[in-house]
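Work through the exercises below with the sequence and the model in view. Try each task before reading its solution.

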Amino acid sequence: MVTPDPRHHPAAQQRETGDPSEQVQPMPLLAAAVTLVVVLLGAGYIFFSDPFGNAELGDRRTVADLTAKAPGAPGAAGQAVDGKALYTGNCASCHQATGKGLPGVFPPLDGSEWVQGEPRVLVNILLHGITGEIEVAGTTYKGMMPSFKQLGDAELAAIASTIRSEWSNKAAAITPEQVAAERKDTRRSAPFASGAELKALPPAQ
């Protein structure tokens, strides 16, 4: 009796895997089209945006440009910091470019008694922040405003001066020296707990 060779058994042949193929699989046309469109859009943006020196296309100042210069240094005279640009970068996301805030969420700066009132109060709000309830223009808000003490004296003075004179506000400017004087006061290291604490601040001497 002849024993069949298992290599020629139909089941064995079915279990065998095919030889690997060396056929090149081309990129799908849809993927190629999408890639081409993205590349063309990127090239078009670079070409038409002219990002090599046209100052009208955006604010190209560096951190050094915004940093307050020491007294006597070149360019130290006059307002060295753009308060509007700093407001846009640090405050407008909450208080909005119009200064109107968001009803019930973020209080307005336009017409705010805290903005137009005692300069020392506004400086302390910027330096230390506030949490808890505060009444602004007759409406009570409860939330948290962070401290901006990481900004320099000239930068905080520029922001404060900007919001005190923008929109319908007509209050006087705040100087870097006023900010520096409040920053030196080390009696406070935490945010104000409420508007009542802010009201307890005595006027600047």
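## Exercise 1: The strand pair

Task: Find how strand S1 and strand S2 are joined, and how many bridges join them.

Solution. This is a predicted model. Strand S1 covers residues 130–136 and strand S2 covers residues 139–145. The two run antiparallel, and seven bridges join them. Next, look at the connection. S1 and S2 form a hairpin, with two residues between them.

## Exercise 2: Positive phi angles

Task: Examine the phi of alanine 137, glutamine 96 and glycine 129, and say where each residue is placed.

Solution. Begin with the general rule: most residues other than glycine have a negative phi.

- Alanine 137 has a positive phi of about 55° although it is not a glycine. Its place is in the loop between S1 and S2. Alanine 137 counts as exposed because its relative accessibility is 52%, and the cut-off for exposed is over 50%.
- Glutamine 96, also not a glycine, has a positive phi of about 75°. It sits in the loop between helix H5 (92–95) and H6. Its relative accessible area is 24%, so glutamine 96 is partly exposed.
- Glycine 129 follows H7 and has a positive phi, near 80°.

## Exercise 3: The surroundings of H7

Task: Decide whether H7 is mostly covered or mostly open, and list what its buried residues pack against.

Solution. First count: ten of the ten residues of H7 are buried, and the helix is mostly covered. Then name them: Pro119, Arg120, Val121, Leu122, Val123, Asn124, Ile125, Leu126, Leu127 and His128. The last step is to find their neighbours. The buried residues of H7 pack against helix H6 (113–116), S1, S2, H8, H9 and helix H10 (195–199).

## Exercise 4: H7 against H9

Task: Describe the packing of helix H7 and helix H9, then sort the residues of their contact into nonpolar, polar and charged.

Solution. Helix H7 spans residues 119–128 and helix H9 spans residues 176–183. They pack at an angle of about 65°, and their axes are 10 Å apart. The crossing of H7 past H9 is right-handed. On the H7 side, the contact is made by Pro119, Arg120, Val123, Asn124 and Leu127. On the H9 side, Gln178, Val179, Glu182 and Arg183 take part. Sorted by kind, the residues of this contact are four nonpolar, two polar and three charged.

## Exercise 5: The nonpolar cores

Solution. The largest nonpolar core has 22 residues. Tyr87, Leu122, Leu156, Ile163, Ile174 and Val179 have the most contacts inside it. Now trace the core to its helices: helix H4 (83–90), H7 and helix H8 (153–165) each supply at least two residues. H8 gives the most, with seven residues.

Apart from this core lies another, of ten residues, including Trp114, Val121, Ile134 and Leu201.

With its neighbours within four places in sequence left aside, valine 179 is in contact with Val123, Leu127, Asp153, Leu156, Ala157 and Ile174.

## Exercise 6: Two single residues

Task: Is serine 161 buried or exposed, and how far is proline 202 from glutamate 118, C-alpha to C-alpha?

Solution. Serine 161 is found in helix H8. Its relative accessibility is 13%, so serine 161 counts as buried; the cut-off is under 20%. Not counting residues up to four places away in sequence, serine 161 touches Ala173 and Ile174.

Proline 202 lies in the segment after H10. It counts as partly exposed because its relative accessibility is 42%. Proline 202 and glutamate 118 are 84 residues apart in sequence, and their C-alpha atoms are 9.1 Å apart in space.

## Exercise 7: The whole chain

Solution. Along the sequence the pattern is α-α-α-α-α-α-α-β-β-α-α-α. The chain has 205 residues, of which 28% count as buried.

Methods. Residues numbered from 1 in each chain as written. Predicted model: local features only at pLDDT ≥ 70, side-chain atom pairs only at ≥ 80, totals over all residues. Heavy atoms only, no water. Pairing = 2+ DSSP bridges. Helix = DSSP H or I, 4+ residues; strand = E, 2+ residues; numbered from the N terminus. Axes fitted to C-alpha atoms, helices over the stretch in contact; angles between N-to-C directions. Left-handed = near helix turned anticlockwise from the far one by under 90°. Contact = heavy atoms within 4.5 Å. Nonpolar A, V, L, I, M, F, W, Y, C, P; charged D, E, K, R; others polar. Core = buried A, V, L, I, M, F, W, Y, C linked by side-chain atoms within 4.5 Å. Buried < 20%, exposed > 50% of the residue type's maximum accessible area, 1.4 Å probe, protein only.
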